[in-house]
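Take a moment to look at the chain from end to end before reading on. Then follow the strands and the helix one at a time.

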Amino acid sequence: VHGVSPPEDHKEPKKLPVGPAPQPRELVVTYFFCGEEIPYRRMLKVQSLTLGHFKEQLSRKGSYRYYFKKPSAEFDCGAVFEEIWEDDSTLPMYEGRILGKAE
């Protein structure tokens, strides 16, 4: 049987790029402020964010408690809001972004 090309699964596998994945240029930060229904959203040109830096982004200064969503196998929903209180703590990411609440 001449002139018949081999089936697709016999071709050489494509080479995947080696090395770290490219980092996103902007970090999406979404947060709810004091029970408001509509969240705020910021795009920041950083790879990670500390609580101190997050507080600097808030237009309203004051004494608040800060909670950030993170993956968790503890609950059926697969996520939990964790309270962060130390300014030098790096905020957790959830699905590639930061999702928080200030109360």
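This is a predicted model: local features need pLDDT of at least 70, side-chain atom pairs count only at pLDDT 80 or more; totals for chains, interfaces and linings use all residues.

Residues are numbered from 1 along each chain as its sequence is written, and side-chain values use heavy atoms, with hydrogens and water left out.

The chain contains one helix and five strands. Helices (H or I, at least four residues) and strands (E, at least two) are DSSP runs, numbered from the N terminus. Along the sequence they follow the pattern β-β-α-β-β-β. Of the 103 residues, 26% count as buried. Buried means under 20% relative accessible area, exposed means over 50%, and partly exposed lies in between (1.4 Å probe, protein chains only).

The five strands form an open sheet with the order 2-1-5-3-4 and mixed pairing. Two strands pair if DSSP finds at least two bridges between them. Strand 2 and strand 4 are the edge strands, each pairing on one side only. In general, strands of a sheet pair through backbone hydrogen bonds, either parallel or antiparallel. Strand 1 and strand 2 are joined in the antiparallel sense over five bridges; here L27 has L44 in strand 2 as its bridge partner. Strand 3 and strand 5 also run antiparallel, with three bridges between them, and Y67 is the bridge partner of K101 in strand 5.

Leaving out residues up to four places away in sequence, L49 touches L27, V29, L44, F54, S89, T90, L91 and I98. A contact here means heavy atoms within 4.5 Å.

The structure also holds six aromatic pairs. Rings of Phe, Tyr and Trp (its six-membered ring) pair if their centres lie within 6.5 Å; planes under 30 degrees apart count as stacked, over 60 as edge-to-face and the rest as tilted. Y31 and Y40 are stacked, at 5.3 Å centre to centre with 15 degrees between the planes. Y31 is buried at 5% relative accessibility, whereas Y40 is partly exposed at 32%. The ring centres of F54 and F68 are 5.1 Å apart and their planes lie at 85 degrees, so this pair is edge-to-face. The pair links distant parts of the chain, with F54 in helix 1 and F68 in strand 3, 14 residues apart. F54 is buried, with a relative accessible area of 1%, and F68 is buried at 0%.

Two residues in loops remain. C34 lies in the loop between strand 1 and strand 2 (40-44). Its phi is near 50 degrees, a positive value in a residue other than glycine, and C34 is partly exposed at 42%. E95 sits in the loop between strand 4 (79-84) and strand 5. E95 is not a glycine either, yet has a positive phi of about 55 degrees, and E95 counts as exposed at 59%.
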